[in-house]
Amino acid sequence: MAGKPVCQNGQSTGQTLQGHLGARARAYGRLPLPADLNWWWTVGAILCAILALMLLTGLTLTLAYTPDAGLAFGSVEGIERRLPAGWLLRAMHMTGASFFMLALYVHVLRGLYYRSYQSPRIGVWMSGCVLLAMAMITAFAGYVLPWGQMSYWGADVAGKAVGALPLIGGWLEGVFLGGDAPGTPTLHRMFALHFGLAFLIIGMVMGHIAVVHARGSSSPSARPAGVTGVLPFHPYFTVRDMLAIVLVAVAFVAVLCFWPELIVEPANYRPANPLHTPADIEPEWYFLPFYGMMQAVPFKLGGLLLSGGAVAVLFAVPWLDRKVGDGQGVPTLARVAAMLLLVCSAVATAFAGAHHMQGNWLLVARLGMVGYYAYFLAYLPLCRILQQGGRV
């Protein structure tokens, strides 16, 4: 009988691997972090927990899903009605998508407020922006898969928007839809995109965490760790992260069981009908600000560029607000006012995107879009001047 593989020091391969993993875990637990980290720094752990849930439920759902225009809606109904606990798995996956995007937006807002994008953490910010773009693409692809009314017409609107690009628009629309209109080729593309990007996101998250460890974590004061003091990651921050995950899990269960209408579009529980256009075509809530911007402009190309630019401008943030000195610099009142402007503008544009873009809603969408871009193109470049007015 063959024995266990033995290393040169007499230990088995399994024992060696276990020892390496244990050493890595202990090193991770001893990771020094700024002592002044607040509860906003728990959102990263929340995102990792939700991502794990999304991966597990998504892999299970793929076992019974059929990416075919004639069968997709029926396969989703079969998951909910015939697959053991299928309704729960799908509800968890749908709720998880909304919670993940909400936590991701909060994570980005925290970085903007505390200016976590400044040197030497530009790489951390850029990898986070890539993750945001990947998550948005993955979420949209997943929204198309049930092939309900909103799924079909959402794919149709997205295809026509891409087709508005000059020169390559028609080609990109054909690649996206796989034909002249959404159909089975579209579903195959969205299924492959949703499934493949999910694993790429996991790899990107690991890279993002590695960059955070290499560059060091930011802090509310933005001062060097020697000034604020440091504490090991475990147990000081792991306990708080676990408590935050438990609190989010309570909210998750509450929405899942008592308020599913907050995240569910009733029209998507009807099968796709290419001959009947819904009165209001709207995406999931986390896409509404960008959808509102796209509708607020009277020509398609302008709307596409402005809605896409709302995400693309995040990549330019480290250069729009260059670091000056060691501290935050910008007065707290100015930072709070600017953040309120950004959030209120995005919310206003989202509400406008959920309604017919005419009259007062058109005005709200345009004002919200101006306020959103004003944060990045006016406030951030002025931060250098604001720094001269006071210190946090």
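Contact here means heavy atoms within 4.5 Å of each other. With that in hand, take a first look at the protein chain, which comes from a predicted model. Among contacts between residues at least 6 apart in sequence, 81% join residues at least 24 apart. The chain has 16 helices and two strands. Of its 392 residues, 43% are buried.

**Two helices side by side**

Let's start with helix α4, which covers residues 86-113, and helix α5, which covers residues 122-144. Their axes come within 11 Å and cross at roughly 155 degrees. Angles over 145 degrees count as roughly antiparallel, so α4 is roughly antiparallel to α5. As for handedness, α4 passes α5 in a left-handed crossing.

Which residues make this contact? On the α4 side they are Phe 100, Met 101, Leu 104, Tyr 105, Val 108, Gly 111 and Leu 112. On the α5 side you'll find Trp 125, Leu 132, Ala 135 and Met 136. Sorted by class, the contact has 10 nonpolar residues, one polar residue and no charged ones.

**Another spot on α4**

Thr 95 also lies in helix α4. Is Thr 95 buried or exposed? Its relative accessibility is 2%, so Thr 95 counts as buried. Leaving aside residues up to four places away in sequence, Thr 95 touches Phe 252, Val 255, Leu 256 and Ile 263.

**Salt bridges**

Now for the charged pairs.

| Pair | Closest N and O atoms |
|---|---|
| Glu 77 and Arg 81 | 3.7 Å |
| Arg 90 and Glu 80 | 2.7 Å |
| Asp 156 and Lys 160 | 3.3 Å |

Take Glu 77 and Arg 81 to begin with. Both lie in helix α3, which spans residues 72-81. They sit four residues apart, about one turn of the helix. Glu 77 has a relative accessible area of 28%, so it is partly exposed. Arg 81, at 66% relative accessibility, counts as exposed.

Next comes the salt bridge between Arg 90 and Glu 80, with the closest N and O atoms 2.7 Å apart. How accessible are the two partners? Arg 90 has a relative accessible area of 11% and is buried, while Glu 80, with 25%, is partly exposed. The cut-off for buried is under 20%, which is why the 11% of Arg 90 puts it in that group.

Finally, there's Asp 156 with Lys 160. Both are in helix α6, residues 149-163, and because they are four residues apart, about one helical turn separates them. Asp 156 counts as buried, at 10% relative accessibility. Lys 160 is partly exposed, its relative accessible area being 42%.

**Back to α4**

Helix α4 turns up several times in this tour.

Note on methods: Residues are numbered from 1 along each chain as its sequence is written. This is a predicted model: local features need pLDDT of at least 70, side-chain atom pairs count only at pLDDT 80 or more; totals for chains, interfaces and linings use all residues. Side-chain values use heavy atoms; hydrogens and water are left out. Axes are lines fitted to C-alpha atoms, for helices over the stretch in contact, and angles run from 0 to 180 degrees between N-to-C directions. Angles under 35 degrees count as roughly parallel, over 145 as roughly antiparallel, 65 to 115 as roughly perpendicular and the rest as oblique. A crossing is left-handed if the near helix is turned anticlockwise from the far one by less than a right angle, and right-handed if clockwise. Ala, Val, Leu, Ile, Met, Phe, Trp, Tyr, Cys and Pro count as nonpolar, Asp, Glu, Lys and Arg as charged, and the others, Gly among them, as polar. A salt bridge is a side-chain nitrogen of Lys or Arg within 4 Å of a carboxyl oxygen of Asp or Glu. Buried means under 20% relative accessible area, exposed over 50%, partly exposed in between (1.4 Å probe, protein chains only).
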